[in-house]
Amino acid sequence: MVSFSIINKKSSSMILVGILLAGILPELIIGQNCGCASDLCCSRFGYCGTSSDYCGTGCQEGPCDAPPPTNSVSVENIVTETFFNQIIDQAEASCAGKGFYSRSTFLKATESYSQFGRVGSEDDSKREIAAFFAHATHETGHFCYIEEIDGPSKDYCDENNTQYPCAPNKAYYGRGPIQLSWNFNYGPAGKSIGFDGLNNPEIVAQDPLVSFKTALWYWMNNVQSVITSGQGFGATIRAINGALECDGANPDTVNARVAYFTDYCRQLGVAPGDNLTC
């Protein structure tokens with residue numbers, strides 16, 4: 001289902017920021033909203049520095065690292081109607097997602113993320129796509145849910161985040177295929193995609209294209225690099241919901257994600273590889 005798989009996934013951004021700030025020389029931290037010197041990169045979190053944590057994935061400006069080259073794989077040819085429909089067809093007809101999620105909208109969203117499913121070999125592409133849909137299947141109940149179960153009762157406002165402060169009377173609980181949550185994710189996701197994530201988080205559950213784009217935004221900024229670098233599916237679980245599931249915290253949910261992944265790899269005709277659990 002959805003409600004158990006939200007909090008730590010998106011709090012990983014806070015943890016990473018803390019780790020970065022704890023181990024970096026003060027002169028490398030110019031400001032949370034960039035304005036970096038010309039020889040410094042502005043990280044995904046708005047800080048200035050020179051290491052891969054700043055210049056790598058999510059780098060906003062400056063001498064950012066070049067993205068990995070793309071291959072000639074067609075995501076559309078891998079995510080066939082048969083593949084997509086066999087997932088969503090397992091959701092009950094009454095599910096909100098049945099009239100919301102579609103293959104055509106997913107493919108439209110990928111046009112904004114040209115590297116999704118197109119890094120490494122063809123087998124690497126298939127494993128990444130299988131991993132994305134394994135997590136989406138688990139988080140949404142086969143694309144049944146658009147919003148987190150009991151989401152409105154949860155508090156996902158990090159009041160210490162001054163770059164993306166919570167707006168009055170707005171809730172940042174899980175929405176969309178990867179259940180985007182927390183103000184520090186809604187803010188930058190909206191900035192990147194083109195919607196007001198802090199003042200209009202509801203649009204993620206109202207506009208299916210925006211919804212898929214938020215899932216792909218989170219994936220490209222937090223997950224893709226760990227699977228395309230050969231760390232295995234288990235690393236993607238850690239990147240999405242680490243402390244709540246990994247290291248024995250919830251083996252049942254880990255096993256459920258792995259089962260979806262291995263099944264989708266089988267359907268796509270690719271070996272799942274090693275390091276499946278976390």
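Guide: An angle over 145 degrees between two axes counts as roughly antiparallel, and one of 65 to 115 as roughly perpendicular. The model under discussion is predicted.

Visitor: How are H10 and H11 oriented to each other?

Guide: The axes of helix H10 (residues 233-245) and H11 come within 11 Å and cross at roughly 155°. The cut-off for the antiparallel class is 145 degrees. H10 and H11 are therefore roughly antiparallel.

Visitor: Which residues of H10 make the contact with H11, and how does the contact divide by class?

Guide: From H10 come Phe 233, Ile 237, Ile 240, Asn 241 and Glu 245, and they meet residues of H11 that include Pro 251, Arg 257 and Phe 261. By class, the contact of H10 with H11 has seven nonpolar, two polar and two charged residues.

Visitor: Helix H4 also packs on H11; what is the orientation of H4 to H11?

Guide: The axes of H4 (residues 81-88) and H11 (residues 251-268) come within 11 Å, and their crossing angle is roughly 155°. That makes H4, relative to H11, roughly antiparallel.

Visitor: Which residues of H11 does H4 meet, and how many residues of this contact are charged?

Guide: Phe 83, Gln 86 and Ile 87 in H4 meet Tyr 264, Gln 267 and Leu 268 in H11. The residues of this contact divide into four nonpolar and two polar, and the number of charged residues is given as no charged.

Visitor: Is the crossing of H4 and H11 left-handed or right-handed?

Guide: The two helices concerned cross at roughly 155°. The crossing of H4 and H11 is right-handed.

Visitor: How are H7 and H8 oriented to each other, and which residues of H8 make the contact?

Guide: H7 and H8 have axes 10 Å apart and pack at an angle of about 105°. An angle from 65 to 115 degrees falls in the perpendicular class, and H7 and H8 are therefore roughly perpendicular to each other. On the H7 side the contact is made by Asn 185, Pro 188, Ala 189, Ser 192 and Ile 193, and on the H8 side by Lys 213, Thr 214, Trp 217 and Tyr 218.

Visitor: Which helix gives the most to the lining of the largest pocket?

Guide: The largest pocket holds about 970 Å³ of space. Its lining has 40 residues, and among the closest to the centre are Arg 44, Cys 59 and Asn 221. Helices H1, H7, H8 and H9 each give two or more residues to this lining. With five residues, the helix that gives the most is H7.

Technical notes
Residues are numbered from 1 along each chain as its sequence is written. This is a predicted model: local features need pLDDT of at least 70, side-chain atom pairs count only at pLDDT 80 or more; totals for chains, interfaces and linings use all residues. Side-chain values use heavy atoms; hydrogens and water are left out. Axes are lines fitted to C-alpha atoms, for helices over the stretch in contact, and angles run from 0 to 180 degrees between N-to-C directions. Helices (H or I, at least four residues) and strands (E, at least two) are DSSP runs, numbered from the N terminus. Angles under 35 degrees count as roughly parallel, over 145 as roughly antiparallel, 65 to 115 as roughly perpendicular and the rest as oblique. A crossing is left-handed if the near helix is turned anticlockwise from the far one by less than a right angle, and right-handed if clockwise. Contact means heavy atoms within 4.5 Å. Ala, Val, Leu, Ile, Met, Phe, Trp, Tyr, Cys and Pro count as nonpolar, Asp, Glu, Lys and Arg as charged, and the others, Gly among them, as polar. On a 1 Å grid over the protein atoms alone, a cavity is a set of points where a 1.4 Å probe fits but cannot get out, and a pocket is an open set with protein on both sides within 12 Å along at least five of seven lines; lining residues have an atom within 4 Å of a point. Grid points are joined across faces, edges and corners, and a volume is the space filled by probe spheres set on the points.
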